[in-house]
Amino acid sequence: MPKVTQEYMDARRAQILDAARRCFLRDGFHSTSMQDLFAESGLSAGAVYRHFASKNEMITAIVEENMRDVLAMVNSAARNRPSSSIGDLIADVLDIVKTKTAEQNIAGLSVLAWSESLRNPSLAKQFDDLMTQMRSALTGVIRENQQSGSLTRAASPEAIAATLMCMLPGYILQLAMGDSKSLEGVPDALRALWPDPATS
C-alpha cells in the first residue's frame, strides 16, 4: 500500500474544512449534518473521520485557523516592532480580517462561532485562550508605547489592551452584516488617531 504523504493529508484536511465552511455559512452549525459534510467535501465518511472525529472538531479547527493570522500579527508586533504605533497595529489587524473575510468569510463564521460558544464550553474556552493571548501580546506593545511617551499612561496597559480588543468584534460583526462600505475608512482613522511618533 503506497505511503500517504503529509502534504496529501494536509490537502485533504483543507478540503474538509473548506466544505465545512460552506455548509456552516449556508445552513448554520446545527442544521449541518455529517452527511451534508461528506457530500459537500466529495469524500467518504471514513476519509472525513480520519481527520475529524466530530462536527465540533471541525468548528474548533475553523475558529483556530480564523484567529491564527490575527494572533500571529499581534505576536509579531510584540516581538519585532514593539514600539510601532498602536494605530498601525490595530489597523493592520482589521485589514487582515477584511481580506480573510473576502476570501473565506471569516466574519460570518466568527459570528456563528461566537453564538455557538455560548452553549459549547470547549469552544468558549478556546475563544477565551486565544483572546487572552492576543490581549497579552497587545499589552506588551502598549507598555512599550507608554514607556516611549507615545501613548498615555493615564490607564494601565491591560485596560488599554482590553479597550482596543473591544473594537475587533464590532468590526467583525459589521463585516458579517455586509456593511463593508461604511468600514472603509476605519483602518486609516485608527492610524490617524494613534500615529507613529516618528511621522507625527
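**Helix pairs, buried faces and loops**

Reply: In this predicted model, the axes of α5 and α10 come within 7 Å of each other and cross at roughly 170 degrees.

Me: Are α5 and α10 roughly parallel or roughly antiparallel to each other?

Reply: The axes of α5 and α10 cross at roughly 170 degrees. Angles over 145 degrees count as roughly antiparallel. The relation of α5 to α10 is therefore roughly antiparallel.

Me: Which residues of α10 meet α5?

Reply: On the side of α5, the residues taking part are G87, D88, I90, A91, D92, L94 and D95. By class, the contact of α5 with α10 has six nonpolar, one polar and four charged residues. The residues in α10 that meet α5 are V186, P187, L190 and R191.

Me: How far apart in space are P187 and G87, C-alpha to C-alpha?

Reply: P187 is located in helix α10, and P187 is buried because its relative accessible area is 6%, below the limit of 20%. Not counting residues up to four places away in sequence, P187 touches A91 and D95. P187 and G87 are 100 residues apart in sequence, and their distance in space, C-alpha to C-alpha, is 7.9 Å.

Me: How many helices and how many strands are there in the chain?

Reply: From the N terminus on, the elements run α-α-α-α-α-α-α-α-α-α. The count for the chain is ten helices and zero strands.

Me: What share of the contacts in the chain with a separation of 6 or more comes from residues 24 or more positions apart?

Reply: The C-alpha atoms of the chain fill a box of roughly 60 × 40 × 30 Å along the principal axes. Buried residues make up 40% of the 200 residues. Among contacts with a separation of 6 or more, the share from residues 24 or more positions apart is 67%.

Me: Why are the buried residues of α9 on the same side of the helix?

Reply: In α9, which covers residues 167-176, the buried residues are L168, Y171, I172 and L175. They lie on the same side of α9 because they cover an arc around the axis of only 100 degrees. In general, an α-helix has 3.6 residues a turn, so residues three or four places apart point the same way.

Me: Which helices do the buried residues of α9 pack against?

Reply: Just after α9, G178 takes a positive phi of about 80 degrees. The packing partners of the buried residues of α9 are α5, α6, α7, α8 and α10.

Me: Is S110 buried or exposed?

Reply: S110 is found in helix α6, and a polar atom of the S110 side chain lies 2.7 Å from the backbone oxygen of I106. Leaving aside neighbours within four places in sequence, S110 is in contact with N66 and I172. The relative accessibility of S110 is 10%, and the limit for a buried residue is under 20%. S110 therefore counts as buried.

Me: Which residues of α7 make the contact with α6?

Reply: From α6, the contact is made by A113, W114, E116 and S117. By class, the contact of α6 with α7 has five nonpolar, one polar and one charged residues. The residues of α7 that make the contact are L123, A124 and F127.

Me: With the side chain of which residue does the side chain of R119 make a polar contact?

Reply: R119 has its place in the loop between α6 and α7. R119 is exposed because its relative accessible area is 61%, above the limit of 50%. At 3.3 Å, the side chain of R119 makes a polar contact with the side chain of H30.

Me: What is the phi of N105?

Reply: N105 lies in the loop between α5 and α6 and is partly exposed, with a relative accessible area of 29%. Most residues other than glycine have a negative phi. N105, a residue other than glycine, has a positive phi, near 50 degrees.

Conventions:
Residues are numbered from 1 along each chain as its sequence is written. This is a predicted model: local features need pLDDT of at least 70, side-chain atom pairs count only at pLDDT 80 or more; totals for chains, interfaces and linings use all residues. Side-chain values use heavy atoms; hydrogens and water are left out. Buried means under 20% relative accessible area, exposed over 50%, partly exposed in between (1.4 Å probe, protein chains only). Helices (H or I, at least four residues) and strands (E, at least two) are DSSP runs, numbered from the N terminus. The arc is that of the directions from the helix axis to the C-beta atoms. Contact means heavy atoms within 4.5 Å. Ala, Val, Leu, Ile, Met, Phe, Trp, Tyr, Cys and Pro count as nonpolar, Asp, Glu, Lys and Arg as charged, and the others, Gly among them, as polar. A polar contact is a pair of N or O atoms within 3.5 Å; within protein, one must be able to donate a hydrogen and the other to accept it, and residues adjacent in sequence count only if both atoms are side-chain atoms. Axes are lines fitted to C-alpha atoms, for helices over the stretch in contact, and angles run from 0 to 180 degrees between N-to-C directions. Angles under 35 degrees count as roughly parallel, over 145 as roughly antiparallel, 65 to 115 as roughly perpendicular and the rest as oblique.
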